[in-house]
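Biologist: I would like to go through this model with you and ask, term by term, what each label rests on.

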Amino acid sequence: MSHNQPENRGRYFEEFSVGDRVSSAGRTVTESDIVLFAGLSGDYNQIHVDAEFSKDAGFGQRVAHGLLGLSIASGLVVQSGVMEGTIMAFREINSWRFIKPTFIGDTIHVEVEVKETKAIPRIGGGSLILELDVQNQANETVMKGTWTVLVRSKPE
């Protein structure tokens, strides 16, 4: 074993089956997350960063950027370890819907289900279509959709 690469804890393509499910840990969305994301993305929309404006802007308070929630969801899936060291690429967002707002203080987690597997021998792995359901602390769906990822095959 090489000392330069950590041991994989993720599953190889062949170890995934349609119907497999993974639940991520939760993560609380903070005001700092929103401010940092606004700076990173350049999206300083008042519904995200202006508490006074947001009181009368539909939700009664600031809301997290939808793409911040999507980014956190991606991180939570990675942190689950299911593809650690085996993922080759995040290939596509096939569909994505923002259902409910995520507020400062909400704790979100991700429910993931494998919907399709397709071997792609020429790349040394295969593709997985994953269905994601991002839920808040009340188990309400705040966003959901499907992603395609490429995962390595088990070494021979």
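**Terms and the values behind them**

Modeller: Let me begin with one residue of this predicted model: V112 touches D20, R21, V22, V77, L130, E131 and L132, where residues up to four places away in sequence are not counted.

Biologist: Where does V112 lie, in terms of secondary structure?

Modeller: V112 lies in strand β4, and with S23 it makes a pair that is 89 residues apart in sequence and 6.3 Å apart in space, C-alpha to C-alpha.

Biologist: Why is V112 called buried?

Modeller: Its relative accessible area is 11%, and buried means under 20%, so V112 counts as buried.

Biologist: What is the overall make-up of the chain, by secondary structure?

Modeller: There are four helices and six strands, and read along the sequence they follow the pattern β-β-α-α-α-α-β-β-β-β. Buried residues make up 37% of the 156 residues in the chain, and the C-alpha trace spans about 60 × 35 × 25 Å along its principal axes.

Biologist: Why are helices α1 and α4 called roughly perpendicular?

Modeller: Helix α1 (residues 31–41) and helix α4 (residues 66–79) pack at an angle of about 110 degrees, with their axes 10 Å apart. Angles of 65 to 115 degrees count as roughly perpendicular, and the two helices are therefore placed in that class.

Biologist: Which residues make the contact between α1 and α4?

Modeller: From α1 come D33, I34 and F37, which meet L67, L68 and S71 of α4. By class, this contact has four nonpolar residues, one polar and one charged.

Biologist: What makes the pair R27 and D33 a salt bridge?

Modeller: The closest N and O atoms of R27 and D33 are 2.9 Å apart, and the definition asks for a side-chain nitrogen of Lys or Arg within 4 Å of a carboxyl oxygen of Asp or Glu, so the pair qualifies as a salt bridge.

Biologist: How many salt bridges does the structure hold, and what parts of the chain does the one between E140 and K100 tie together?

Modeller: The structure holds nine salt bridges. In the one between E140 and K100, the N to O distance is 3.7 Å; E140 lies in the loop between β5 and β6 and K100 in the loop between β3 (87–98) and β4, so the pair ties together parts that are 40 residues apart in sequence. E140, at 32% relative accessibility, counts as partly exposed, and K100, at 39%, also counts as partly exposed.

Biologist: What, then, joins β5 to strand β6?

Modeller: Here too there are 11 bridges, and β5 and β6 (residues 141–152) run antiparallel, with G125 standing opposite R152 in β6. This hairpin has five residues between its strands, and N139 in the turn has a positive phi of about 60 degrees.

Biologist: What makes strand β5 mostly covered?

Modeller: Strand β5 (residues 125–135) has 11 residues, eight of which are buried, and for each of those eight the label means a relative accessible area under 20%.

Methods:
Residues numbered from 1 in each chain as written. Predicted model: local features only at pLDDT ≥ 70, side-chain atom pairs only at ≥ 80, totals over all residues. Heavy atoms only, no water. Axes fitted to C-alpha atoms, helices over the stretch in contact; angles between N-to-C directions. Parallel < 35°, antiparallel > 145°, perpendicular 65-115°, else oblique. Contact = heavy atoms within 4.5 Å. Nonpolar A, V, L, I, M, F, W, Y, C, P; charged D, E, K, R; others polar. Buried < 20%, exposed > 50% of the residue type's maximum accessible area, 1.4 Å probe, protein only. Pairing = 2+ DSSP bridges.
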